[in-house]
Amino acid sequence: MKKNLSKIMAFVALFAATILPGCRKDSATFEEYLPTLGDIQTKVLKQVPTTNGTTVFSFLANSTDTTLATNSGIRLILNDLQNIFVDSTGKIITPADCPDLKITLVEAVSRGEQIAHNLSATSGGKLLKPAGFVKIEIKCGDQILKILPGRNFKINFPVANPDDRKSDLKLFAGATAGQNVVDWTTENQEIYLSDWQSNGSQIFGYELLTDQTGWLGAAKLNDDATTNFCITLPAAHNNQNTVVWMWISKTNSLVKMEGAGVAGHFCFENAPVGFPIKIAVVSKIGADWKFVQLDTEVGNDALISLSPILFSEVEIIEKLRFF
């Protein structure tokens, strides 16, 4: 009996030595695939812009009409401040009622700003040709305010070259999930070509009237022929640990490519055929930061293979600034 018991104990010891280490190895492998999008967003993407695109405006108690301007030249024009802001109950809030009344304007005109705010130039999966995006937030302390129904305010977007202006832009509003814009929906509201004076100089750009706050965009839907464009990465890459951006210079469009349901595949279904593009891939798998960039052209139903390589966070930030 003792001899049989010894054989059984030896078998158990052998089982533990050969099987259990394999289980521990599998567990460690699983750890490498934990979601890291939060790290990618806060430690890399938000660090890409080299300037602060957020401007906060406050008001005097007796303020009436006002023009608010950012350092980049974006203007908000509001009339009759004593009768334009309302709280969630519909009560009018004046600057005298709320000494802490503030308007915050966040710009996302450059690629770096759009990367930092995770903004993809698509509407219902279709490509947008944008002039830029802004976020407007009105608050009394921590309370979010809106524009009184029937009232509106004016936004002016400047452009560097008057000849670059497009005559058929529309207003798009950002549909959000939490803090992220997940889509842009058209408001079918025209945006006009405009010019104005600033510090003795004539400025050219766009003008729109709106009663909306939150993320707003001046853009038009793409009307060029499109195709499905995909990249394939090593199988460990997925939507939870990898971000893939496509930059289309001819349309001024930055697009976030999405995981396609196949391990390592990221696609954009409406890429403009024949257009030159840039691809940037940022991933964090376990403790490893990786990056790869590619200049290419959109071919019909293209599938391109890429392999991100190790970089530091600082190196990836610098590369995205020149993306």
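How many aromatic pairs does the count come to? The count comes to three aromatic pairs. Here, rings of Phe, Tyr and Trp (its six-membered ring) pair if their centres lie within 6.5 Å; planes under 30 degrees apart are stacked, over 60 edge-to-face, and the rest tilted.

This is a predicted model, in which local features need pLDDT of at least 70 and side-chain atom pairs count only at pLDDT 80 or more, while totals for chains, interfaces and linings use all residues. Residues are numbered from 1 along each chain as its sequence is written, and side-chain values use heavy atoms, with hydrogens and water left out.

**View 1. The rings of F59 and F85 form a tilted pair.** Their centres are 6.4 Å apart and their planes stand at 50°, so the pair counts as tilted. F59 sits in the loop between β1 (54-58) and β2 (66-69). F85 belongs to strand β4 (residues 85-86), and the two are 26 residues apart. Strands are DSSP runs of E, at least two residues long, numbered from the N terminus. Both F59 and F85 are buried (buried means under 20% relative accessible area, exposed over 50%, partly exposed in between, with a 1.4 Å probe and protein chains only).

**View 2. F133 and W184 form a stacked pair.** Centre to centre, the rings of F133 and W184 are 4.4 Å apart, with 20° between the planes. F133 lies in strand β8 (residues 126-140) and W184 in strand β12 (residues 180-190). The pair links distant parts of the chain, 51 residues apart. F133 and W184 are buried.

**View 3. The charged end of K250 sits over the ring of F275.** It is 4.4 Å from the ring centre. The rule asks for NZ of Lys or CZ of Arg within 6 Å of the centre and within 35 degrees of the ring normal.

**View 4. Strands β13 and β14 form a hairpin.** β13 (residues 192-198) and β14 (residues 201-210) pair in the antiparallel sense over seven bridges. Pairing takes at least two bridges found by DSSP. L193 has Y206 in β14 as its bridge partner. Two residues lie between the strands, and N199 in the turn has a positive phi of about 50°.

**View 5. N156 is buried, with a relative accessible area of 1%.** N156 lies in strand β10 (residues 153-158). A polar contact of 2.9 Å joins its side chain to that of R75 (a pair of N or O atoms within 3.5 Å; within protein, one must be able to donate a hydrogen and the other to accept it, and residues adjacent in sequence count only if both atoms are side-chain atoms). A polar atom of the N156 side chain also lies 3.4 Å from the backbone oxygen of Y206.

Definitions and conventions:
Helix = DSSP H or I, 4+ residues; strand = E, 2+ residues; numbered from the N terminus.
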